[in-house]
Amino acid sequence: MLGTTGDDLVKALATSGGNLDPYPLYAQLHRLGEVTALTGLPYAAAVYSYRAVDEIMRDSSFEVHDALRLEPVTPDWRDHPVLVTLMNSMMFSNGDRHARMRGLFRKVFTPRRVQAMEPEIVKITAELLDRVAGLGADGSEVDYMAEFAYLLPARVVGRLLGLPDEDISWFRSQVDLINDWLDFRRKGSDVLAAADQAAAEITEYYLELITQRRKDPRADLISDLTQANDLSDLELAGNLLVLFNASFSTTIHLFGNALPLLLARPEIRSTPELMPAYVEEVLRYDTPAHVFIRVASTDTELLGVPLKEGQLVAVLTGAANRDPKRFAEPDRFDPARVDNQPISFGAGAHFCLGAALARTEAQLALPMVLEHFPELALGSEPVRTDQLILRGYKSLPIVVGR
Ligand code: HEM
């Protein structure tokens, strides 16, 4: 399109068409540079080259949205349970407060703990696949998203935290209400009210569990967190909500986005040892989360675009993963890429706390899916999420064969 500006392209990204297929828009953005000023949007700029996305996420003069920033725009935020809960978490904190919260979670959510989860991940995967086999035994379609891609990461993190399995399905609907509000295109008062109700209920649930585990500790993360007295109960509940939410609402799309890509490459069935490289390439080629937000903490400049303190920047990780200056032929799925380091888990102080867990889950479970169902095929038309923040499938019907 002649005369298309970065501004036009980012606006196009925020439409259903842009969410459906953002990749041609990213390719056009990359032809224009690394960062673009925006008008008429809540964001003053968008940054999309790999180098610039990496830089802004590591630069402490750009912060995540926190209570201090929320106060002037939403002075009544304390009346909204969803805002109170989120603002009590590491994802919405900066500086020392962020370091204190993250420090505690890093102490208990260790690489060793993730490694120790491996047998459990294999066991849960096998159980879920047996169930899928039962559901599809008569040749009928099974929704891979609901029956597998959601349940696996949700059960894994549920076991890690110490949540009873039977509570997991209740969480999905509650967390979806919060995610609907977090999505930058839909923020009506009804959406906020629903998110408030959900956050209030989840917080109450966690506060009860925290009290129980403090009295009667078990071998789970919540018990360990309550033993260290570094965080208030409300901070613990806020962080548990964010951790649980962040863990499955992203990993569900890693599993979903991976499946059609793997089915299109049957060679992976005979070389399961290559799965880690395939997973990394899925994370790059079709990442679950495309947009993150930063706030300028001071008057500054971002690769030539001036920004005033408090202005918002949209950080397009999905675009950075297709940057031709970082990845040769970025629109080609190529698990054999050398030095393939997608920026899907972010960078800097807020780098994803669960990156190792998400990778482990995918590397262990995806070969099991293919092995369990040698004739697995996609079924009727899938339904996509109409979001860029979390991009993938709402439903992905599959036929598993006899
Ligand atoms: C494929 C799956 C996942 C993707 C693509 C993903 C992506 C990300 C990204 C990009 C961030 C940085 C946000 C920012 O800088 O503003 C982040 C943060 C975070 N993620 Fe993940 N994530 C995934 C899975 C998980 C899992 C499995 C967990 C927990 C078990 C988790 C927990 C968190 C938490 C707690 C944060 C906030 C860290 C902080 O603010 O210091 N994520 N994630």
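Predicted model: local features only at pLDDT ≥ 70, side-chain atom pairs only at ≥ 80, totals over all residues.
A polar contact is a pair of N or O atoms within 3.5 Å.

The ligand is surrounded by 25 residues, of which His98, Arg102, Arg294, His350 and Cys352 are the closest. By residue class, this shell consists of 15 nonpolar, eight polar and two charged residues. At least two shell residues come from each of α7 (95–108), α15 (233–263), β5 and α19 (355–372). Helix α15 makes the largest contribution, with six residues.

Strand β5 also belongs to an open sheet of five strands, arranged in the order β1-β2-β8-β5-β3 with mixed pairing. The edge positions are taken by β1 (35–37) and β3 (62–63); each has a single partner strand, so one side of each has no neighbour in the sheet. Helix α1 (residues 6–13) packs on this sheet through contacts with β1, β2 (43–47) and β8 (312–316), and its direction is at about 95° to that of β1.

A second open sheet contains three strands in the order β4-β12-β9, with antiparallel pairing. Here β4 (142–143) and β9 (377–378) are the edge strands; since each has a single partner strand, one side of each is left without a neighbour in the sheet. Two bridges join β4 to β12 (residues 397–399) in the antiparallel sense. Val142 has Ile398 of β12 as its bridge partner.

Asn88 is located in the loop between α6 (81–87) and α7. With a relative accessibility of 13%, Asn88 is classed as buried, because the class covers residues under 20% relative accessible area. The side chain of Asn88 forms a polar contact of 3.0 Å with the side chain of Arg97. When neighbours within four places in sequence are set aside, the contacts of Asn88 are Arg97, Met101, Leu234, Glu235, Gly238 and Asn239.

Most residues other than glycine have a negative phi. Leu303 has a positive phi, near 45°. This residue, Leu303, is in the loop between β6 (300–302) and β7 (305–307), and its relative accessibility of 38% makes Leu303 partly exposed. Asp339 also has a positive phi, near 50°. Asp339 lies in the loop between α18 (317–320) and α19, and is partly exposed at a relative accessible area of 46%.

Technical notes. Residues numbered from 1 in each chain as written. Heavy atoms only, no water. Pairing = 2+ DSSP bridges. Helix = DSSP H or I, 4+ residues; strand = E, 2+ residues; numbered from the N terminus. Contact = heavy atoms within 4.5 Å. Axes fitted to C-alpha atoms, helices over the stretch in contact; angles between N-to-C directions. Near = heavy atom within 4 Å. Nonpolar A, V, L, I, M, F, W, Y, C, P; charged D, E, K, R; others polar. Buried < 20%, exposed > 50% of the residue type's maximum accessible area, 1.4 Å probe, protein only. Polar contact = N/O pair within 3.5 Å; in protein donor to acceptor, adjacent residues only side chain to side chain.
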